[in-house]
Amino acid sequence: MAVHGGDGEREPDPSDSLRTFGAVVQALREHAGLSRAEFGTLIRFSRHTVESVELGRRMPDEAFVERAEDALGNTGALRRAARHLSRGEPGLAAWFRRWARLERVAESLCTYECRLVPGLLQTEHYARAVFEGTVPLVADEQVEVLVAARLERQKMLRERQTVPFGFIVEEHVFRRRFSGAEKVRELLDHVLEQTALRNVTLQIVPQEAGLHACLDGPVRLIETPEGRRLAYSEGQQNGRLIGDQKEVGLLQRRYDTLRSQALNHKESRGLLERLRGEL
């Protein structure tokens, strides 16, 4: 009896759909009273392959899906679920993927950032400097994957011309020297170019503004095509998609308050031009 091998095709970055499919396989297998080894023997795959699929670490091939379906009741659930399988999105943190998918269809996107230039406004050099400085260090090849993913996301600003993108950023973010003067000028020129688009608005919170409404940290807000509002909050090694409308409403009020405390779009672009002139 031919038994297929182990984790030779292990996914480097499992997607949510792979994890969900694996959880369904595991639930059906356990309901049938089968161990992984017994189930593997039944469908002619190794126990290690069964484990990898159940943990979302391997993309199941057609033979696995068909044999598992037959062995677990032939309900059609696994066949239907397999149609929606996708691999991990290279360059995107696992906790950010769902938000990234929502970004691509959002009717509006608002971002407040106090740590870094927002990813959608970064230059390639700035993004690479960010990724090269992460701890633990990542391989050069992975840095290139991360940078490519970030640059790909930026295409939204020009491709989705009827979608408003709003950015509120702290002044000190643009003053941080991440590289030499030439690269800093390149960054400021790039931000000025991107925020000259009709659908993009930049507001800078000047250093003299003092305390304000969003001191709890960065936040992003979107409106979905269905008219629902969602928020996203990110911290150390995690990100949280917020759907509770009471909490989203609070974050929206904070963002709206900060808009009144920040410089307007014209003043903000003028500040960037002055910062560029100081280099």
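Contact is taken here to mean heavy atoms within 4.5 Å. The structure is a predicted model, in which local features need pLDDT of at least 70 and side-chain atom pairs count only at pLDDT 80 or more, while totals for chains, interfaces and linings use all residues. Residues are numbered from 1 along each chain as its sequence is written, and side-chain values use heavy atoms, with hydrogens and water left out.

The protein chain contains 13 helices and six strands; these are DSSP runs numbered from the N terminus, helices being H or I of at least four residues and strands E of at least two. Its C-alpha trace spans about 75 × 40 × 30 Å along the principal axes. Of the 279 residues, 43% count as buried, where buried means under 20% relative accessible area, exposed over 50% and partly exposed in between (1.4 Å probe, protein chains only). Among contacts in the protein chain with a separation of 6 or more, 73% involve residues 24 or more positions apart.

Helix H3 (residues 47-54) has as its buried residues Thr49, Val50, Ser52, Val53 and Glu54. These buried residues of H3 pack against helix H1 (16-31), helix H2 (36-43) and helix H4 (62-71). Just after H3, a positive phi of about 75° is found at Gly56.

Two packed helices are described by the angle between their axes and the distance between the axes. For helix H11 (residues 181-194) and helix H13 (residues 265-278), the angle is about 160° and the axes lie 10 Å apart. H11 is therefore roughly antiparallel to H13. Axes are lines fitted to C-alpha atoms, for helices over the stretch in contact, with angles between N-to-C directions running from 0 to 180 degrees; those under 35 degrees count as roughly parallel, over 145 as roughly antiparallel, 65 to 115 as roughly perpendicular and the rest as oblique. The contact is formed by Arg185, Leu188, Asp189, Val191 and Leu192 of H11 together with Arg269, Leu272, Glu273, Leu275 and Arg276 of H13.

No disulfides are found in a search of the whole structure, a disulfide being a pair of cysteine sulfur atoms within 2.5 Å. The sulfur of Cys114 has its closest cysteine sulfur in Cys214, at 9.0 Å, which is too far for a bond. Cys114 is partly exposed, with a relative accessible area of 22%, whereas Cys214 is buried, with a relative accessible area of 4%.
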